[in-house]
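This report describes a model with the sequence and the 3D structure at hand. Please look at the display first and then read on.

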Amino acid sequence: MTAPALQISALNKRFGGLPATKDVSLTVMPGERRLIIGPNGAGKTTLFNLVTGDLPPDSGSVRLFGQELIGVATPRRVALGLARTYQILTLFGRDTLIHNVVMALLGLSPLRWNPWVPLAGQRALYAAARDALARVGLAASAERVVAQTSYGERRRLELAMALAQQPKVLLLDEPLAGLSQEERQSVRGLLDSIPRDVTIVMIEHDMDTALAFAERITVLHYGQVIVEGTRAEVVADPRTREVYLGD
Amino acid sequence: MKRMVPPALGIALLLVLPLIVTNDFYLNLASQILIYGLLALSLNILLGYGGMVSLGHAAYLGIVSYTCVIVVGAGYGHAVAAAVAIVVSTASGAVFGVLALRASGLGFLMITLALGQIIWGVAYRWNDVTGGDNGIRYPARPSPFGLSIADTPSFYYFTAAVFAVALFCIWRLTRSPFGAALRGTRDQPRRMRMLGHDVWMIRWLAFVMSAFWGSVAGLLYIYYNLFISPHAISLQQSAEVLLMAILGGASTLTGPIIGAVIITLIKNVVSTYVDRWNSLLGAIFVVVVMFMPLGLVPGFRHLWERLAARGRRPALGADAAPEAGA
């Protein structure tokens with residue numbers, strides 16, 4: 001049996017006295033599309049932050065293809081094949097779109113330590129970055145500065161940066177938030193086109209897209225996993241209705 | 001080809017200057033400007049590109065100078081002294097970096113300030129080795145590759161050559177992948193980590209590079225003055241270097257050089273006519289910060305672009321594509 005792509009066991013995190021993540025365990029198999037839902041403040045983004053190492057957990061374990069991540073620095077986790085997008089956009093606003101993607105590619109290239117060669121001369125890097133932008137439909141905007149682009153374009157840039165790194169496990173934090181109907185359509189198509197060798201864990205509030213996309217769903221509430229199962233199971237479960245889908 | 005014009009002009013100016021400025025006082029001033037310009041450039045690796053404000057940069061000037069004096073005093077030659085001094089000073093920078101990078105922002109600033117003050121304190125108090133408040137002399141300028149740099153024009157050319165090499169290396173750095181990563185850690189450190197960049201290591205390496213070029217400036221300083229005392233490495237000196245970078249424009253490569261030109265000129269020339277030159281410096285700084293908050297170089301560049309656009313519009317129509325400035 002292959003190791004799970006992502007295995008979280010008994011993960012705990014408190015902010016002061018408030019438990020943000022409480023004894024969370026979940027297992028995502030390679031190639032799976034997992035959706036994490038839950039009301040605001042359920043600890044979804046905190047869970048991502050614990051997986052990426054933005055936050056240290058109080059206890060518990062996170063394994064990526066069997067390798068323990070707790071205690072491993074964030075850049076090292078990225079080198080092991082983890083990538084994420086942010087709910088709150090954190091891009092290099094004064095730089096061009098292509099420069100943003102190049103920074104993502106540099107993160108996994110030993111070239112990033114080179115203080116002598118001109119970055120602009122790295123044709124292979126720029127070609128790969130252009131490919132990544134083309135994948136999300138931003139090829140024509142490559143030379144524009146992020147600050148001058150629309151919100152939808154930035155969301156897609158976030159995706160391009162994550163995809164450019166060719167991750168094994170991709171964490172998407174509300175990739176559709178704030179997008180127009182057409183933009184949603186295009187991002188949805190984009191998500192569907194990601195090959196199956198990438199495992200995806202997604203936080204999303206847009207239930208139509210999310211339910212269509214995910215095979216298995218985990219419902220978080222007050223930092224705890226309360227329901228987990230297939231689409232049908234989770235939607236049918238009365239506890240889901242109680243905490244999330246409303247009366 | 002057009003982008004080769006500014007560096008060509010710069011080199012031409014450096015070469016021709018001694019032919020125009022024949023007065024020793026002013027040519028020495030040019031050497032001083034280049035030395036402080038290099039010090040400000042090295043500080044700006046941290047400040048402008050890394051977003052880290054250091055108030056202890058004069059420490060390298062001191063470490064290099066005192067080490068040089070001590071090593072030569074122990075009977076070694078100039079070359080050995082220079083090599084040892086640069087290594088000791090850069091290594092000190094590496095240790096300072098480890099200490100200062102435990103914090104960021106204001107904490108970083110306070111630690112660099114404290115480290116600078118420690119070096120100053122050691123120089124001031126350790127009488128037997130440093131001569132304390134009286135300072136200590138370096139015997140004579142070396143003759144690199146058998147060329148004497150004892151007189152004013154030859155020392156100027158020596159300084160200009162070192163300065164040009166350093167500027168070229170720092171220019172390469174700013175355009176390199178490492179330079180881009182350094183700017184990335186300034187703008188979005190958290191995102192940089194999530195992209196696989198080791199933010200601490202990038203900052204530390206920048207700190208060490210900054211210390212190295214600061215040390216090179218320190219070597220020129222001791223060769224120029226042939227004398228070092230605690231006054232040269234006081235907090236005032238560190239603050240002045242910081243001021244040079246900010247005044248000229250920390251976001252640009254050339255800004256710190258312009259800042260060094262202005263501040264060194266005010267200090268040395270205006271001070272012969274005006275007693276309160278420090279107040280004048282303060283006033284200039286306030287005016288610049290008010291009207292050109294990013295510094296003189298970006299400020300004038302912006303002004304120039306606006307004037308150029310205004311001049312062009314009636315004739316050609318507004319079709320000029322804005323060029324992304326580095």
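The model is predicted. In it, chain A meets chain B through 24 residues of chain A, which are in contact with 20 residues of chain B. Two helices of chain A, H2 (74-79) and H3 (97-106), each supply at least two residues of the side that touches chain B. H2(A) gives the most to this side, with 4 residues. Sorted by class, the side of chain A that touches chain B holds 16 nonpolar, 5 polar and 3 charged residues.

**Domains of chain A**

How is chain A divided by the domain assignment? Domain 1 covers 1-81 + 167-247, and domain 2 covers 91-161. Taken over C-alpha atoms, the centres of domain 1 and domain 2 of chain A are separated by 26 Å. Across the boundary, 10 residues of domain 1 of chain A are in contact with 9 residues of domain 2 of chain A. On the domain 1 side, the elements that give two or more residues are H2 and helix H6 (181-192) of chain A. H6(A) gives the most to that side, with 4 residues. The residues of the side of domain 1 of chain A that touches domain 2 of chain A comprise 6 nonpolar, 3 polar and 1 charged.

**Strand pairs in chain A**

Strand S4 of chain A pairs with S1(A) and with S5(A). The table sets out the two pairs.

| Strand pair | Residues | Bridges | Direction |
|---|---|---|---|
| S1(A) and S4(A) | 6-15 and 59-64 | 5 bridges | antiparallel |
| S4(A) and S5(A) | 59-64 and 67-68 | 2 bridges | antiparallel |

Ser9(A) stands opposite Ser61(A) in S4(A). Leu64(A) has Gln67(A) in S5(A) as its bridge partner. S4(A) and S5(A) form a hairpin with 2 residues between the strands, and Phe65(A) in this hairpin takes a positive phi near 50°.

**The fold of chain B**

Chain B has 14 helices and 2 strands. Its radius of gyration is 21 Å, close to the 20 Å that the globule rule gives for 326 residues, so chain B is as compact as a globular protein of that length. Along the principal axes, the C-alpha atoms of chain B fill a box of roughly 70 × 55 × 40 Å. Of the 326 residues in chain B, 43% are buried. Among contacts in chain B between residues at least 6 apart in sequence, 73% join residues at least 24 apart.

**Confidence**

The average pLDDT of chain B is 92, and 95% of the residues score at least 70. Which elements of chain B have the lowest and the highest mean pLDDT? Helix H14 of chain B (residues 296-316) has the lowest, 82, and helix H10 of chain B (residues 199-225) has the highest, 98. Over residues 315-326 of chain B, pLDDT stays under 50, and the model has 4 contacts beyond four places in sequence for this stretch. For the model, the scores are ipTM 0.92 and pTM 0.92.

Conventions:
Residues are numbered from 1 along each chain as its sequence is written. Chains are lettered from A and ligands numbered from 1 in the order in which they are written. This is a predicted model: local features need pLDDT of at least 70, side-chain atom pairs count only at pLDDT 80 or more; totals for chains, interfaces and linings use all residues. Two residues are in contact if their C-beta atoms, placed from the backbone, lie within 7 Å. Ala, Val, Leu, Ile, Met, Phe, Trp, Tyr, Cys and Pro count as nonpolar, Asp, Glu, Lys and Arg as charged, and the others, Gly among them, as polar. The radius of gyration is taken over C-alpha atoms; the globule rule is 2.2 Å times the number of residues to the power 0.38. A residue is buried if 20 or more other C-beta atoms lie within 10 Å of its own, exposed if 12 or fewer, and partly exposed in between; C-beta atoms are placed from the backbone. Two strands pair if DSSP finds at least two bridges between them. Domain bounds come from an automatic or database domain assignment. pLDDT is the predictor's confidence in each residue, from 0 to 100.
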